[in-house]
Amino acid sequence: MIRQIVEQDLKALTVKIDHGLYTTEVMSKIGKAGGFRHHIASQNNGDIDLFGTIKDMATVSEECMSTGFMMWTQAVCTWYIENSDNDWLKSEILPKMVDGDCFGATALSNPMKYLAGIEELKLSATETEEGFIINGTLPWVSNLEAGSSKHFFGSIFSVHHKDGERDRDVMALIPCDLEGLALKQMAEFVGMEGTGTYSLVFDNAFLPKKYLMADPLLPYLKRIKAGFILLQTGMAAGVIQGAINDMNKSNLTLSEINEYLDEPPEDLQEDLDDALEMIEGLCEDPFNADEEFLRSVLEARLLGAEICKRAADSVMQHAGAKGYLVDAAAQRKMREAYFVIIVTPSIKHLRKELSRLEAA
């Protein structure tokens, strides 16, 4: 069913999405087809099939990784809610998000860098009896729509006492129609433009406590971390497979000269298949908090990024001059692959974390 949606609905929109069209039409159909359900036990007859979601994400990313990326933001947002202790979110928001009737995003790029010691946390709040008054700015959060009551994102902010002294960090689901929250499009990107990406400005935005997902934060983060990272591999697998498909198309007419290139599609396919086998094994135990397991998860995510880098280089060389055409699939795959390389956690972030684990 996901493949049919790609063929019948997504293909006609891929170039428009690449040029900036943001649409939830395909996402809704993916939800109705079960693309956000596999890994959510409460919505999947008690079963957790993380790899099932990864495979669907890969199928979509093979054609359009902008849509695959929005699938990841949606899938990981449902993962946040499912693993929280908030029964109201689980009953009122989660089923609609799983079915593609409302939409989820993740604003954890800055918090992940904060937790890794790379940058400071950008959102802070003071607590009231009823909720939190949030201030600060977050750059580049995707799969959002300004003022929409159907769009939500998960984020982390620090809570301060009224005298300014820091108390603790918490995580909550935040609706896009929150009063005091402004969504601003501050930049134009060379790729992934049609993903509903905004800078978020909080100006005394009041968030009721019914949206709280984690307080205390750290035990919750340990529970969701492996799934958060593993789900990203669906984007990598899809864009690599899409690049391989495009190389094979180029070889229909250019195989005699392309055989002199360093990265033939057959080698990349073998490496991708091996990586997917490893990822499937890791998905069997997504709540494992052991450091050795987390190291393996980070290595799998890093491997996906590194194969993306090889595929990005090779798909352009296989296409030759045709890859320079404005809407050529090869250069779109190259731009998409580099997004996997730099999106949090980026290659350098992953290597930093692995170095820290090695030192420990």
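The residues that line the second largest pocket divide into 18 nonpolar, 2 polar and 6 charged, where Ala, Val, Leu, Ile, Met, Phe, Trp, Tyr, Cys and Pro count as nonpolar, Asp, Glu, Lys and Arg as charged, and the others, Gly among them, as polar. The model is a predicted one, in which local features need pLDDT of at least 70 and side-chain atom pairs count only at pLDDT 80 or more, while totals for chains, interfaces and linings use all residues. Residues are numbered from 1 along each chain as its sequence is written, and side-chain values use heavy atoms, with hydrogens and water left out.

The second largest pocket has a volume of about 630 Å³, and of the 26 residues that line it, Leu221, Lys222, Lys225, Leu294 and Glu353 lie nearest its centre. Two or more residues of this lining come from each of helix 8, helix 9, helix 11 and helix 13, and helix 9 gives the largest share, 8 residues. Helices (H or I, at least four residues) and strands (E, at least two) are DSSP runs, numbered from the N terminus. A pocket is an open set of points on a 1 Å grid over the protein atoms alone, with protein on both sides within 12 Å along at least five of seven lines, whereas a cavity is a set of points where a 1.4 Å probe fits but cannot get out; lining residues have an atom within 4 Å of a point. Grid points are joined across faces, edges and corners, and a volume is the space filled by probe spheres set on the points.

The largest pocket has a volume of about 920 Å³. Of the 35 residues that line this pocket, Ser109, Trp140, Phe339, Ile342 and Val343 are the closest to its centre.

Trp140, found in strand 3 (residues 131–141), has a positive phi near 60° although it is a residue other than glycine. Trp140 is exposed, with a relative accessible area of 54%; buried means under 20%, exposed over 50%, and partly exposed in between (1.4 Å probe, protein chains only). Asn45, likewise not a glycine, has a positive phi of about 55° and is found in the loop between helix 3 (25–32) and helix 4 (50–63). Asn45 is exposed too, at a relative accessible area of 76%.

The count of cavities of 30 Å³ or more comes to 1, and the largest cavity has a volume of about 60 Å³. Helix 9 (218–258), helix 10 (265–282) and helix 11 (291–319) each supply at least two residues of its lining, which includes Thr233, Leu272 and Gly304. By class, the lining of this cavity holds 10 nonpolar residues, 2 polar and no charged.

Pro216 has its place in the loop between strand 8 (212–214) and helix 9, while Pro345 is found in the loop between helix 12 (329–342) and helix 13 (347–359).

Helix 1 (residues 2–10) and helix 3 pack at an angle of about 160°, with their axes 10 Å apart.

Terms used: Axes fitted to C-alpha atoms, helices over the stretch in contact; angles between N-to-C directions.
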